[in-house]
Amino acid sequence: MKYIISILAVSVLFSASSFAAKQITREESANYTKIGDLSLTQTGTPSIGHKKLAKEANKKCWASGNVKARDCFYLIVDRSGHESDHKTVHAEVFKK
């Protein structure tokens with residue numbers, strides 16, 4: 001029984017990332033509905049990564065009408081600042 005629970009726990013950990021918002025291209029965004037904008041600012045390192053963007057996009061999708069993560073997408077439209085000091089990322093959030 002412990003063996004089955006361990007396998008189940010590991011599989012849930014690896015599948016959780018598949019339910020995060022996905023980055024799309026400008027061309028792909030034409031197929032989706034824009035639901036808002038997102039800006040993240042961070043000082044110091046490490047820089048803002050896709051995990052953090054996906055997490056914030058998921059929150060935006062959920063707040064805009066309970067859109068599930070698998071139907072949530074983001075498009076990075078601008079990055080400013082330096083990796084090691086201060087960085088801002090602007091993104092648009094879309095739903096299916």
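The legends below describe close-up views of one predicted model.

Residues are numbered from 1 along each chain as its sequence is written, and side-chain values use heavy atoms, with hydrogens and water left out. Because the model is predicted, local features need pLDDT of at least 70 and side-chain atom pairs count only at pLDDT 80 or more, whereas totals for chains, interfaces and linings use all residues.

**Figure 1. Overview of the chain and its secondary structure.** The chain holds three helices and four strands, arranged along the sequence in the pattern α-β-α-β-α-β-β. Helices (H or I, at least four residues) and strands (E, at least two) are DSSP runs, numbered from the N terminus. Of the 96 residues, 28% count as buried; buried means under 20% relative accessible area, exposed over 50%, and partly exposed in between (1.4 Å probe, protein chains only). The accessible surface comes to about 6,600 Å², with 58% of it belonging to carbon and sulfur atoms; accessible areas come from the Shrake-Rupley method with a 1.4 Å probe, and for residues only the protein chains shown count as cover. Among contacts between residues at least 6 apart in sequence, 64% join residues at least 24 apart, a contact being heavy atoms within 4.5 Å.

Figure 2. Two strands are taken to pair if DSSP finds at least two bridges between them.

**Figure 3. Strand pairing around β3.** Strands of a sheet pair through backbone hydrogen bonds, either parallel or antiparallel. β1 and β3 pair in the parallel sense over two bridges, whereas β3 and β4 run antiparallel and are joined by 10 bridges. F73 takes part in both pairings: F73 in β3 is the bridge partner of K22, and F94 in β4 is the bridge partner of F73. A further bridge links I76 to A91 in β4.

**Figure 4. The largest nonpolar core.** This core has 15 residues, and those with the most contacts inside it are A21, L38, L53, A57, C72, Y74 and V93. β2 (33-43), α3 (50-63), β3 (72-82) and β4 (86-95) each supply at least two of its residues, and α3 gives the most, with four. A nonpolar core is a set of buried Ala, Val, Leu, Ile, Met, Phe, Trp, Tyr and Cys residues joined through side-chain atoms within 4.5 Å.

Figure 5. A57 is found in helix α3 and is buried, with a relative accessible area of 0%. Not counting residues up to four places away in sequence, A57 touches A21, L38, C72, Y74 and V93. With the same exclusion of residues up to four places away, A21 touches A54, A57, N58, A69, C72, F73 and Y74. The C-alpha atoms of A57 and A21 are separated by 6.3 Å, although the two residues are 36 residues apart along the chain.

**Figure 6. The disulfide of C61 and C72.** The structure holds one disulfide, a disulfide being a pair of cysteine sulfur atoms within 2.5 Å. The sulfur atoms of C61 and C72 are 2.0 Å apart, and the link is right-handed, with 80 degrees about the S-S bond. C61 lies in helix α3 and C72 in strand β3, so the pair ties together parts that are 11 residues apart in sequence. Both C61 and C72 are buried.

**Figure 7. N66 in the loop between α3 and β3.** N66 lies in the loop that connects these two elements and is partly exposed, with a relative accessible area of 47%. Most residues other than glycine have a negative phi. N66 is not a glycine, yet has a positive phi of about 55 degrees.

**Figure 8. The surroundings of H86.** H86 lies in strand β4 and counts as partly exposed at 36% relative accessibility. Leaving aside residues up to four places away in sequence, H86 touches T41, Q42, T43, S80 and G81. H86 and T41 are 45 residues apart in sequence, and their C-alpha atoms are 7.3 Å apart in space.
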